[in-house]
Amino acid sequence: MHDEQRDERSYRVVVNDEEQYSIWPGDRELPGGWREEGTRGDRETCLAHIDRVWTDMRPRSLREELARPRQDG
């Protein structure tokens, strides 16, 4: 049985245009379509922040579509 290694890397919270959240290693260039949200820390800190702020998992475009008044007929 071997010990689990603790992830000591620094991460940042990132968000895309659809307002979907993720974490990304702090020392790596962001992938296209993602921007830094402002939160940095260890993996657990970043994931806990996402749990607090990302309360609606639907993409932004879907939320906007569902919020539009329906025009029947």
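**Figure 1. The aromatic pair of the predicted model.** The structure, which is a predicted model, holds 1 aromatic pair. The partners are Tyr 21 and Trp 54, whose ring centres lie 5.8 Å apart with the planes at 45°, so the pair is tilted. Planes under 30 degrees apart would count as stacked and those over 60 as edge-to-face. Tyr 21 belongs to strand E2, whereas Trp 54 sits in the loop between H1 and helix H2 (60-67), so the pair ties together parts that are 33 residues apart in sequence. With a relative accessible area of 17%, Trp 54 is buried. A pair of aromatic rings is described by the distance of the centres and the angle of the planes.

**Figure 2. The nonpolar core.** Which residues make up the largest nonpolar core? This core has 6 residues, namely Tyr 11, Val 13, Ile 23, Cys 46, Ile 50 and Trp 54. Strand E1 and helix H1 (43-53) are the elements that give two or more residues to this core. Trp 54, a member of the core, is the residue whose ring pairs with that of Tyr 21. Ile 50, another member, is in contact with Val 13, Tyr 21, Ser 22 and Ile 23 when its neighbours within four places in sequence are left aside.

**Figure 3. The three-stranded sheet.** In what order do the strands of the open sheet stand? The 3 strands follow the order E2-E1-E3, and the pairing is antiparallel. Strand E2 (21-25) and strand E3 (34-41) stand at the edges with a single partner strand each, so one side of each is left without a neighbour in the sheet. On average, neighbouring strands of this sheet are turned by 35° against each other, direction ignored. Strands of a sheet pair through backbone hydrogen bonds, either parallel or antiparallel.

Figure 4. Strand E1 (residues 11-16) pairs with E2 in the antiparallel sense over 5 bridges. Val 14 stands opposite Ser 22 in E2, and Val 13 has Ile 23 in E2 as its bridge partner. Both Val 13 and Ile 23 are members of the largest nonpolar core. E1 and E2 form a hairpin with 4 residues between them. Glu 19 has its place in the loop between E1 and E2. The phi of Glu 19 is near 60°, a positive value in a residue other than glycine. Most residues other than glycine have a negative phi, and most peptide bonds are trans. Is Glu 19 buried or partly exposed? Glu 19 is partly exposed, with a relative accessible area of 32%.

Figure 5. Trp 24 has its place in strand E2. Its relative accessibility is 22%, and Trp 24 therefore counts as partly exposed; the limit for a buried residue is under 20%. Which residues is Trp 24 in contact with, leaving aside its neighbours within four places in sequence? They are Tyr 11, Arg 12, Val 14, Glu 29, Leu 30 and Pro 31. Trp 24 and Val 14 are 10 residues apart in sequence, and their C-alpha atoms are 6.7 Å apart in space.

**Figure 6. Gly 41 in strand E3.** Gly 41 is found in strand E3. With a relative accessible area of 19%, Gly 41 is buried. Apart from its neighbours within four places in sequence, Gly 41 is in contact with Arg 9, Ser 10, Tyr 11 and Cys 46. Among these contacts, Tyr 11 and Cys 46 are also members of the largest nonpolar core. The C-alpha atoms of Gly 41 and Val 13 are separated by 8.7 Å, although the two residues are 28 residues apart along the chain.

**Figure 7. The setting of the close-up views within the chain.** The secondary structure comes to 2 helices and 3 strands, which follow the pattern β-β-β-α-α along the sequence. How does the radius of gyration compare with the 11 Å that the globule rule gives for 73 residues? The radius of gyration is 17 Å, well over that value, so the chain is more spread out than a compact globule. The C-alpha trace spans about 65 × 30 × 20 Å along its principal axes. Buried residues make up 21% of the 73 residues. Of the contacts between residues at least 6 apart in sequence, 41% join residues at least 24 apart.

Conventions:
Residues are numbered from 1 along each chain as its sequence is written. This is a predicted model: local features need pLDDT of at least 70, side-chain atom pairs count only at pLDDT 80 or more; totals for chains, interfaces and linings use all residues. Side-chain values use heavy atoms; hydrogens and water are left out. Two strands pair if DSSP finds at least two bridges between them. Axes are lines fitted to C-alpha atoms, for helices over the stretch in contact, and angles run from 0 to 180 degrees between N-to-C directions. A nonpolar core is a set of buried Ala, Val, Leu, Ile, Met, Phe, Trp, Tyr and Cys residues joined through side-chain atoms within 4.5 Å. Buried means under 20% relative accessible area, exposed over 50%, partly exposed in between (1.4 Å probe, protein chains only). Contact means heavy atoms within 4.5 Å. Rings of Phe, Tyr and Trp (its six-membered ring) pair if their centres lie within 6.5 Å; planes under 30 degrees apart count as stacked, over 60 as edge-to-face and the rest as tilted. The radius of gyration is taken over C-alpha atoms; the globule rule is 2.2 Å times the number of residues to the power 0.38.
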